[in-house]
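Subject: Structure for you to look at

Hello,

Here is the structure I promised you. Please open it next to this message and follow along.

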Amino acid sequence: MSDVNADDWVSSGHRPMGFPEFVVVIASIMALNPLAMDMMLPALPNIGAAFGIPNANHLQLVLSTFLIGFGAGQFIMGPLSDRFGRRPVLLGGMAVYAVASVLAVAAPSFETLLLARALQGLGTSATRVIATSIVRDCYAGRRMASVMSLAMMIFIAVPVIAPSFGQAVLLVTHWRGIFVVLMFYGIIALAWSVWRLPETLPETERRSLAPADVLSAFRQTVTNRQTIGYATAAGSVMGALFSYVFSAQQVFTGIYHLGHYFPLAFAAIAAGTAVAGFLNAKLVGRLGMRVISHGALTLYAAVAGVMLLTEILGVLPLPLFMVLSALMMFSFGMMVANFTALAMEPQGHIAGTASSLYGSITTLIGIVVGTAIGQSFDGTLLPFSVGFFLSTLAALAIVLVVEKGRLFKPHHRPIV
């Protein structure tokens, strides 16, 4: 496919769905993950009180355990989908998610709740890997980035409303009611996928699960400079974002004393990512993935520097923190879809496996970095500001190495 006709081409691979429904279905599948993450934020104090957890930092395990299951599960979902097709692995993962939600509703202990969260993460690992693989099966180049951006615009809108939705559930019922809502959403998404989503991987393109073949696909993925470079860079910037999410409840209620208004502040900040997804979908076809993502990474680094400086100087009031956090979210939204598309671009022949490794690498790096920063929370924003700045510098350094010191321009193919 040439770059000229890519923007006009709509794949027949997702029939009977048209283009708008395809984007919405992909986004709704991907939304299982952020919904399960961010609806929990206002419930953390309630969970701590229910299970007698005295250390607020330990409650971050409700989030990080979910992400561990999500990150680890992606290692196997891609090879399975490359062998058996996208549909059976996707539907199986969504079924695991629904069952895990039932377990969470009935959890008699904090440890059982964490097990349920890990299983929820495992189930959503299939949704993220398969959604990305399906898009890659149907589209390439800037068109793929545009589709991912449109899906991300809907997908990223979920964190904007999820904490408020979680708070609304808490107003009328127990914290376990949040898991009831997650269960019903999972069932609805599963039913829609069963009914409308076709298999996008032809029988002729499926790969063996023989260890030698799987290891070969892993090797092709991790030895590709562009793929592994953008995966590790994405993991670094994701680490800062995870640390923000992990400690958001403590920051807004403990430092800025917002109480029950915390979900509104979180939503206002997260809206920046949804705006970024919309703008990226509009601009990526004209400007290209590198111009947008490298510019966003530069902005991300500048925001990190300003936040660190103002925290050191003791002049980081709530309005400034919200502005800087919104810019952080905006720049992340301009990066994430493009980094994914850049990493996946050379891997069309092993899209499932490559998507698995990309997701695992980015998520697990993000968890390690985010947990380290989040567990350092000491009642001030200094640990977060330092971690945000250092992880962003690491991402910028990695991208410079991948691009051989040249930002904003592709080396060879004009498609990216």
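Does Arg-206 count as buried, partly exposed or exposed, and why? Arg-206 has a relative accessibility of 23%, so it counts as partly exposed. Buried would need a value under 20%. Keep in mind that this is a predicted model.

**Salt bridges**

Stay with Arg-206 for a moment. It forms a salt bridge with Glu-199. The closest N and O atoms of that pair are 4.0 Å apart. Glu-199 counts as partly exposed too, because its relative accessibility is 27%. Salt bridges with shared partners tie Glu-199, Glu-203 and Arg-206 into one network.

The count of salt bridges comes to 5. Another one joins Glu-21 to Arg-196. Here the closest N and O atoms are 2.8 Å apart. This pair links distant parts of the chain. Glu-21 sits in helix α2, residues 19-30. Arg-196 sits in helix α9, residues 176-196.

Next, find Arg-86 and Asp-82. They form a salt bridge as well, with the closest N and O atoms 2.9 Å apart. Are these two buried or exposed? Both Arg-86 and Asp-82 are buried.

**A cavity**

Asp-82 turns up again in the lining of the second largest cavity. The structure holds 3 cavities of 30 Å³ or more. Besides Asp-82, its lining includes Pro-79, Arg-207, Ser-208 and Thr-353. Asp-213, Val-214 and Ala-217 line it too.

Which helix gives the most to this lining? That is α10, with 3 residues. Helices α5 (61-84) and α10 (211-222) each supply at least two lining residues. By class, the lining has 3 nonpolar, 2 polar and 3 charged residues.

Pro-202 is in the loop between α9 and α10. Its relative accessible area is 36%, so Pro-202 is partly exposed. Now compare sequence and space. Pro-202 and Asp-82 are 120 residues apart in sequence. Their C-alpha atoms are 9.8 Å apart in space.

Ala-72 lies in helix α5. Ala-72 counts as partly exposed because its relative accessibility is 40%. Ala-72 and Gln-249 are 177 residues apart along the chain. Their C-alpha atoms are separated by 26 Å.

Start with α12, residues 262-287. This helix has 26 residues. From its first C-alpha to its last, α12 reaches 37 Å. That is close to the 38 Å expected at 1.5 Å a residue. Where does α12 bend? The bend is at Ala-281, by about 35 degrees. After α12 comes Gly-288, whose phi is positive, near 90 degrees.

Then look at α14, residues 318-344. It has 27 residues, which should span 39 Å at 1.5 Å a residue. The end C-alpha atoms of α14 are 38 Å apart, which agrees. Why is α14 described as largely enclosed by the rest of the structure? Because 19 of its 27 residues are buried.

**Positive phi**

Most residues other than glycine have a negative phi.

One is His-257, which has a positive phi of about 55 degrees although it is not a glycine. His-257 lies in the loop between α11 (225-255) and α12. Its relative accessible area is 62%, so His-257 is exposed.

The other is Lys-404, again with a positive phi of about 55 degrees and again not a glycine. Lys-404 is in the segment after α16 (382-402). Lys-404 is exposed because its relative accessible area is 61%.

That is the tour. Write back with any questions.

Best wishes

Note on methods: Residues are numbered from 1 along each chain as its sequence is written. This is a predicted model: local features need pLDDT of at least 70, side-chain atom pairs count only at pLDDT 80 or more; totals for chains, interfaces and linings use all residues. Side-chain values use heavy atoms; hydrogens and water are left out. Helices (H or I, at least four residues) and strands (E, at least two) are DSSP runs, numbered from the N terminus. The expected span of a helix is 1.5 Å times one less than its number of residues. The bend at a residue is the angle between axes fitted to the seven residues ending there and the seven starting there. On a 1 Å grid over the protein atoms alone, a cavity is a set of points where a 1.4 Å probe fits but cannot get out, and a pocket is an open set with protein on both sides within 12 Å along at least five of seven lines; lining residues have an atom within 4 Å of a point. Grid points are joined across faces, edges and corners, and a volume is the space filled by probe spheres set on the points. Ala, Val, Leu, Ile, Met, Phe, Trp, Tyr, Cys and Pro count as nonpolar, Asp, Glu, Lys and Arg as charged, and the others, Gly among them, as polar. A salt bridge is a side-chain nitrogen of Lys or Arg within 4 Å of a carboxyl oxygen of Asp or Glu. Buried means under 20% relative accessible area, exposed over 50%, partly exposed in between (1.4 Å probe, protein chains only).
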